[in-house]
Amino acid sequence: MTMTKRDTYTPESLLAVAVGVFNERGYDGTSMEHLSRAAGISKSSIYHHVRGKEELLRLAISRALDGLFAVLDEPGAREGRAVERLEHVTRRTAEVLMAELPYVTLLLRVRGNTGTERWAMERRREFDQRVAALLNQAAADGDLREDVDARLATRLLFGMINSIAEWYRPDGGGAAERERVADAVVLLAFGGLRTT
């Protein structure tokens, strides 16, 4: 994703380039030189818009987290039985992951080596806890099988959703392809979890 003309450079396009380089090289393995080469601009041009690569990391991770947390504010996540809200959150989380694939992939790869990474991990735990609370409520309502531990079910559910980042490649299928994958996630997960 090399940019050839400076007049096409924007902070958003720089962020997209940075995410690509971070995902390819790893955050720790990426230097400002790598970023400037990939963007086709000078390091000073990058510093004109951001303080450094950690700010780019925070912007990228924020984009992923904002998308995930927005799901929790949707009417489908706030209204109805807990199991229906959980299904909505599961479907939409998978859709957000695919729509924002490079950004969510980066979020899933943070390991806590910087302040930004530790902040991201804390926010991710908060998201996971909110979804786990929905799962626990659905179990308490009697809508999920009693013989499946709620904590284990939460981990398996997130494991399935997060694994999409490892194999999903948008090949022009757009929203229809994302919907097909999200439908499969919900069908597989809740076919095994629901009591009816």
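Reader: In which helix is A132 found?

Author: The model considered here is predicted. Within it, A132 belongs to the segment spanning residues 115–140. That segment is helix α8.

Reader: Is A132 buried or exposed?

Author: The relative accessible area of A132 is 18%. Buried means under 20% relative accessible area. Because its value is 18%, A132 is buried.

Reader: How far apart in space are A132 and A150, C-alpha to C-alpha?

Author: In sequence, 18 residues separate A132 and A150. A132 lies in α8, whereas A150 is one of the buried residues of α9. From C-alpha to C-alpha, the distance between A132 and A150 is 7.7 Å.

Reader: Which residue caps the N-terminal end of α9?

Author: The cap involves a side-chain oxygen that lies 3.2 Å from the backbone nitrogen of R151. The residue that supplies this oxygen is D149.

Reader: Which elements do the buried residues of α9 pack against?

Author: An α-helix has 3.6 residues a turn, so residues three or four places apart point the same way. In α9, the buried residues are A150, A153, T154, L157, F158, I161, I164 and A165. These buried residues pack against α6, α7, α8 and α10 (174–193).

Reader: Which element contributes the largest share of the lining of the largest pocket?

Author: The largest pocket has a volume of about 400 Å³. Of its 19 lining residues, R124, R125, D128, F158 and N162 are the closest to its centre. Two or more lining residues come from each of α6 (82–99), α7 (101–109), α8 and α9 (150–167). The largest share, 6 residues, comes from α8.

Reader: How many charged residues are in the lining of the largest pocket?

Author: By class, this lining has 10 nonpolar and 3 polar residues. Its charged residues number 6.

Reader: Which element gives the most to the lining of the second largest pocket?

Author: The second largest pocket holds about 200 Å³ of space. Among the 12 residues that line it, the closest to its centre are V19, G20, N23, L101 and P102. At least two lining residues are supplied by each of α1 (11–25) and α7. With 5 residues, the element that gives the most is α7.

Definitions and conventions:
Residues are numbered from 1 along each chain as its sequence is written. This is a predicted model: local features need pLDDT of at least 70, side-chain atom pairs count only at pLDDT 80 or more; totals for chains, interfaces and linings use all residues. Side-chain values use heavy atoms; hydrogens and water are left out. Helices (H or I, at least four residues) and strands (E, at least two) are DSSP runs, numbered from the N terminus. Buried means under 20% relative accessible area, exposed over 50%, partly exposed in between (1.4 Å probe, protein chains only). On a 1 Å grid over the protein atoms alone, a cavity is a set of points where a 1.4 Å probe fits but cannot get out, and a pocket is an open set with protein on both sides within 12 Å along at least five of seven lines; lining residues have an atom within 4 Å of a point. Grid points are joined across faces, edges and corners, and a volume is the space filled by probe spheres set on the points. Ala, Val, Leu, Ile, Met, Phe, Trp, Tyr, Cys and Pro count as nonpolar, Asp, Glu, Lys and Arg as charged, and the others, Gly among them, as polar. Contact means heavy atoms within 4.5 Å. A polar contact is a pair of N or O atoms within 3.5 Å; within protein, one must be able to donate a hydrogen and the other to accept it, and residues adjacent in sequence count only if both atoms are side-chain atoms.
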